[in-house]
Every structure is written in C-alpha cells, then in structure tokens.
Amino acid sequence: MVLCNLVALFTASITVSGAHIMQELDEAVTIGATVPTGFEHTAAEEVQEKLEATARVSKNRGRIYFDITTDTLFKVHQLKSLDNLFVVVKDYDDYQFKTTKEEVQLDWQELAAKLPWTNALEVWKLNNSIKKRKGRRKRTNPTKSDQCGNFSTKSTDTVPSDPEELWVDLESLEVKENQRDVSSQPEDDSEEEKHSEIQDQESGVTPLKFRVTCNRAGDKHCFTSNDAARDFGGAVQEFFQWKADMTKFDVEVLLNIHNNEVVVGLALTVESLHRRNISHFGPTTLRSTLAYGMLRLCKPQVSDVIVDPMCGTGAIPLEGVMEWQNSFFLAGDNSGTAVSRSVNNIKHILKRTHDGGSSSGLPLDIVQWDLCNLPMRSSSVDIIITDMPFGKRMGSKKKNWELYPLCLREMARVCKPGTGKAVLLTQDKKCFLKALSQMEGLWRKSHTVWVNVGGLHAGVFVLKRTAVVFGTTSEDVMEPHTATGSQKENMKDASQ
Ligand SMILES: C[S@@+](CC[C@H](N)C(=O)[O-])C[C@H]1O[C@@H](n2cnc3c(N)ncnc32)[C@H](O)[C@@H]1O
C-alpha cells in the first residue's frame, strides 16, 4: 500500500511540470556534497559559517554531509566549496555485505523497497523548482545491462578523479534552457521522441526516467560497481515503475559504496558547480572550488592586495574577486593567450552580471608579465596565491628547477616582510621543497594541504614571509649561471 501511494505521488506530480513548487519539509534532511579532495575541512568550515550547520567529513575522502531544513536549500547551491550535491535517502556506516554475488544481488533488490525515499524525493522536487535541471548528458559512457531488459547504469569502481564528467552546471543551464525555449530544441531530440513526450503529458501519465550511478571503493566486495548499479537499479525500477534512461533521466539515484559505508542519494546537481566562473578554458584551468579552498587558506582581509602571478585563465583571481570584493586582485601570466582568456572570462562574468562587459566592475586587473621580473614595487603585496606549472601539461620538470627558485625569490621581493603570505599549488614537490630550502631566510613553511588535482597528488604550500628585508640576505643573490637578464637587473635593484 505504501508502495502504491509513493508511486502515485511521483507519477502524478511530474505531470504538473518541472517547476512544481513543493511545500517545505519541517524535518531536517541530510545533504551530501563532493568537494575537492583535501579541502573537506575547509568546505565544512564554509558550511558552518554560511548555513550554521555542522558538517561531517566522510571517511570516503572528498565528501561531506550536513543537515539542513529545506528553506535553506537555495543557499546550499551558493556555497563555493562544493562540487556536486545530493540529498541522502539513507546512509549505512557499517553495511554488512553478504559473501556471494547472488546473496548481494538479492540484498540490493530488497533494499530498494525498504528505503525511506519520501523526504529525499520531496527535496529533489523542491530542488527542481529552485533550479531547472537539464537531465541530459552530452558525454556519457553507458553500460547497458543484459539482465534487466532496457535498464542502463553508470558506474565507477573508484571515486571518479574528475566528477565533472558526471554533471552539468545548473546556473549556466538555466540560461541555456531559457535560450532554448525561444530558439530551438536540441538537435538530437527526434520528432518521434518529442511526439511521444507530448502524448505522455497529455494522457497525464509520465513515468519518471531515472538512472543509477554507483561509485565504489574498497577491495573486499564480491561485486563490481556495475553489478551493484544494475541490480539496485533493477529493483528501483520495479519499485517505482520508473523508466530507465541513461541520458535523458529526471532522477539520478546515487549508490556510493566505500568499504562498508553505503550511502544512497538523489543527485541535486547535474554538473559540478566548479565551472561557475569560467567560459574560456585553458589546458590547466583550475576548478573554481579548489581555487576557493586555496583562497580561504589565505584568509583575505579588507583592502589586501592579492596577486596571482601565473593566473592562466584566471580561475583563482576570478573566484577571489567574486567572494572577497573588498580586496584588490592583480593577476598576470607570461602567455598572451592565457591573458586573453582571463580577460574574456572577466568580460563574460560582467556580461552575466549585467555590467555590459566593462572591466570597471571588478577590483581585478590582468597584466602580461614575467613572474621573475614583476613590474611591482618591493614589499607591496599582502598575499601571493598561484597554481604553478607542474611540469607535466604545462612547462617541464627540467625548467621548474630554474623557474621555482626565481619565483620564490621574486615573490619574496614584492611580498610584505613580516605579514605577507603565499599559498602555492604544485605537484612538483621535490623541486618546490628544494627551492624553498634555499630561501629559508625569506619564506617559512606554515603548513601543507594535500589535494587531488585531476588525479595528481599535489600540495598546497602555505608560506609566511619572514620579517627579513629583501636584499639583505644571501638568498636574494642568484647563482650567476641561473640568473637571467631580468634577474640580474633585479639583483642590481635589490642592492641599490
Ligand atoms: C598551471 S598554469 C595556471 C593555471 C591557472 N590556475 C588556470 O586556472 O588557468 C601555470 C601558468 O603559469 C604560466 N607561467 C609559466 N611561467 C611563467 C612566468 N615566468 N611568468 C608568468 N607566468 C608563467 C603559464 O603560462 C601558465 O598559464
């Protein structure tokens, strides 16, 4: 009976329209979020600060959970640390998996009928009314089941290193959806499909379309993520009488398994929220969420001068300027293409915020420069924050041996002695630590946050500028064979 009511509730409500406004739930619901690995505590801090909710950091790295009442759901979408959002249907800290594949399969089937779906589905509907979902993926890698008829799943056996594959940005979609309303339908919507959708809507019975995505980590399971997604998905289909659809789904059911921790959820975002500021991407564009985490480590203060000397497409300064508008940001790169991309990204943001594309709207300037010879006064910068070339996709490890000491030296020159800070991201740890050890008089390492950048294990090094005045220590003087023309000039300046 309960089953019938639940099914009726959700087949009926979808016929009204995607913008069906739900009543707010009085009860708290648990929201799960994926965050850049290593920045879980930074994300929890933001949740506490902006929602006054205490977040739990999952054993499964890169995830946090927190309780909200539904009237604050829209605020969750505005958090800067979170990549993907989902509402938790049920979580199990210590799920007792059976030992054979057959038993586990039976278990998944029973689980679907046992889960408390109602509140999570209400949140899912409320979420649709806050932001329109697209429900269509351009890049998918479907795995079709041969055991459940037309049922399809998506699964990964480890946490995906780049969850962007799984989601599309809601904010930008809202614009695109509106544009589509007045222009044209997507090319791949066949007439037949459109017709059958209209017919369904007219007849008043449109079963929801869904898919199950399973992320699994752990080596003690007797099943793959594919097995779990297929078996659990089959049971969900049977329970709700929903229609499985890999690409044009309304609901994405998430099955997250990390050793014995199992979390069943419903996705609330279609694309990672990390793409929010960037329209012109480069080869190594940093996720906005990671940029935000790095910026939080700096603790920017009102009127701080904050410099990203290797800004690429500008992910860090753009994130900074959107959140800390009372600081002044200056960014540069030695590549003209990178500088153009940054400028275009600023223009795009300004257009989006109805500023007509004039650059006067943001406290941010972009300059083409060589970091090793910055056109800036000594001791004029409060914070240096940058994502250095790792020497893989950008630059080379060999060049880093020369570049890193020069960077640290020039950064020390422009940074305020005693109070200045630097937050530097690199995967070339050996080279960085060696360079840093040569600059001990100028920089002190405060701490390191280890992060995952596109599957690479990288460090965010938080440095403090010592009180030593630049030009008074042996570190400022470069070895003659490594100094370039511009460094020799700087050395002259420093000694003057
Ligand atoms: C890892 S990328 C930065 C990516 C950036 N965070 C983004 O979101 O696009 C490093 C950047 O350093 C720049 N770079 C390398 N050597 C430089 C130098 N000597 N001066 C200024 N920029 C430099 C490269 O052109 C590249 O854009």
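How many helices and strands are there in the chain? The chain holds 14 helices and 17 strands, where helices (H or I, at least four residues) and strands (E, at least two) are DSSP runs numbered from the N terminus. The model is predicted, so that local features need pLDDT of at least 70 and side-chain atom pairs count only at pLDDT 80 or more, while totals for chains, interfaces and linings use all residues. Residues are numbered from 1 along each chain as its sequence is written.

Of the 496 residues in the chain, 43% are buried. A residue is buried if 20 or more other C-beta atoms lie within 10 Å of its own, exposed if 12 or fewer, and partly exposed in between, with C-beta atoms placed from the backbone. Among contacts with a separation of 6 or more, 77% join residues 24 or more positions apart; two residues are in contact if their C-beta atoms, placed from the backbone, lie within 7 Å.

Strand E4 (residues 84-92) pairs with strand E1 (residues 29-34) in the antiparallel sense over four bridges. Pairing requires that DSSP finds at least two bridges between two strands. E4 is also joined to strand E10 (residues 261-267) by six bridges, again antiparallel. Val-87 of E4 is the bridge partner of Ile-31, and Leu-266 in E10 is the bridge partner of Val-87.

Helix H4 (residues 101-114) has 14 residues and reaches 20 Å from its first C-alpha to its last, close to the 20 Å expected at 1.5 Å a residue; the expected span is 1.5 Å times one less than the number of residues. Trp-108, Leu-111 and Ala-112 of H4 are buried. Seen down the axis of H4, these buried residues fall within an arc of 100°, so they line one face of the helix; the arc is that of the directions from the helix axis to the C-beta atoms. The buried residues of H4 pack against helix H8 (225-240). On the other side of H4, Glu-102, Glu-103, Glu-110 and Lys-114 are exposed.

The end C-alpha atoms of helix H11 (residues 336-352) are 24 Å apart, which agrees with the 24 Å that its 17 residues should span at 1.5 Å a residue. The buried residues of H11 are Ala-338, Val-339, Arg-341, Ser-342, Asn-345, Ile-346 and Ile-349. Seen down the axis of H11, they fall within an arc of 160° and so line one face of the helix. Their cover includes helix H10 (315-323), strand E12 (328-333) and strand E13 (364-368).
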